[in-house]
Amino acid sequence: MKNASLLKSGLIRFFAGVVLVLLGGILFLSAGTFSWFNGWLFLGVLFIPMLGAGIVMYFKAPDLLRSRLSMKETEDEQKQVIGFSGLLFIAVFVLAGLNERFHWTSLPKGLVYASVVLFLLGYLLFAEVLRENRYLSRVVEVQEGQQVVDTGLYGIVRHPMYLATVILFFSMPLILNSWPSFVLMLGYLPIIAKRIRNEEAVLEEQLPGYREYKKKVTCRLIPFVW
């Protein structure tokens, strides 16, 4: 079967590494129950589109899927960013589960469902970024033959992928019905800012034309703001 090892790697990462061991366990163990509607709602809106995107990439862009599955970061500063991010997300999900268990706070249902819509819009934005930039990777690197992408979303902000992730990540605590988790998620802002600054330093040094691109597109993440 063509790209059989890639398919196997993707399925193992999806089902064993993420859903069962990490998120499902953290959320429902912290909540002390499996009868948590918001927990199941979150897992559904997170992983059903993710599975669909993985299937599309497997058939249409296997090289991109292989790149997205890569987790071998080489930059020391980026390793720190990944470590801090991992700890933050564990804390956010544990806090959301505890919020459900002890009923500390509750959000209006309208806000929860609006956050689901916002989350899916973030997924659509992410999908558009994947379509526009075939050089995307989970790690900071410059690939062979890589060129600066300066059209579409990249003509508005320099890091539309990170804009999509910010939308996704800040929607998560709201879908999980947890104000405390949302407040804690604010800690992601300095983390992503650190990642962007380091990534741009690498791109300026290794990617021809990136300095000129920075002059053309001045905003990193949020149009007209930063």
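Let's start where two helices touch: Tyr-162, Thr-165, Val-166, Phe-169 and Phe-170 of α6 meet Tyr-188, Leu-189, Ile-192, Arg-195, Ile-196 and Glu-199 of α8, contact meaning heavy atoms within 4.5 Å. By class, this contact holds eight nonpolar, one polar and two charged residues (Ala, Val, Leu, Ile, Met, Phe, Trp, Tyr, Cys and Pro count as nonpolar, Asp, Glu, Lys and Arg as charged, and the others, Gly among them, as polar).

A word on the model: it is predicted, local features need pLDDT of at least 70, side-chain atom pairs count only at pLDDT 80 or more, and totals for chains, interfaces and linings use all residues. Residues are numbered from 1 along each chain as its sequence is written, and side-chain values use heavy atoms, with hydrogens and water left out.

Now for the geometry. Helix α6 spans residues 160–175 and helix α8 residues 188–206; their axes come within 12 Å and cross at roughly 165 degrees. So α6 runs roughly antiparallel to α8 (an angle over 145 degrees). The crossing of α6 and α8 is right-handed.

Helix α6 has another partner, helix α5 (residues 109–132), and the axes of these two come within 8 Å, crossing at roughly 160 degrees. Therefore α5 is roughly antiparallel to α6 as well. Here the crossing is left-handed. On the α5 side the contact includes Val-112, Leu-118, Phe-119, Gly-122 and Phe-126, and on the α6 side Pro-160, Leu-163, Ala-164, Leu-168 and Ile-175 are among the residues involved. The contact of α5 with α6 divides into 17 nonpolar, four polar and no charged residues.

Key: Axes are lines fitted to C-alpha atoms, for helices over the stretch in contact, and angles run from 0 to 180 degrees between N-to-C directions. Helices (H or I, at least four residues) and strands (E, at least two) are DSSP runs, numbered from the N terminus. Angles under 35 degrees count as roughly parallel, over 145 as roughly antiparallel, 65 to 115 as roughly perpendicular and the rest as oblique. A crossing is left-handed if the near helix is turned anticlockwise from the far one by less than a right angle, and right-handed if clockwise.
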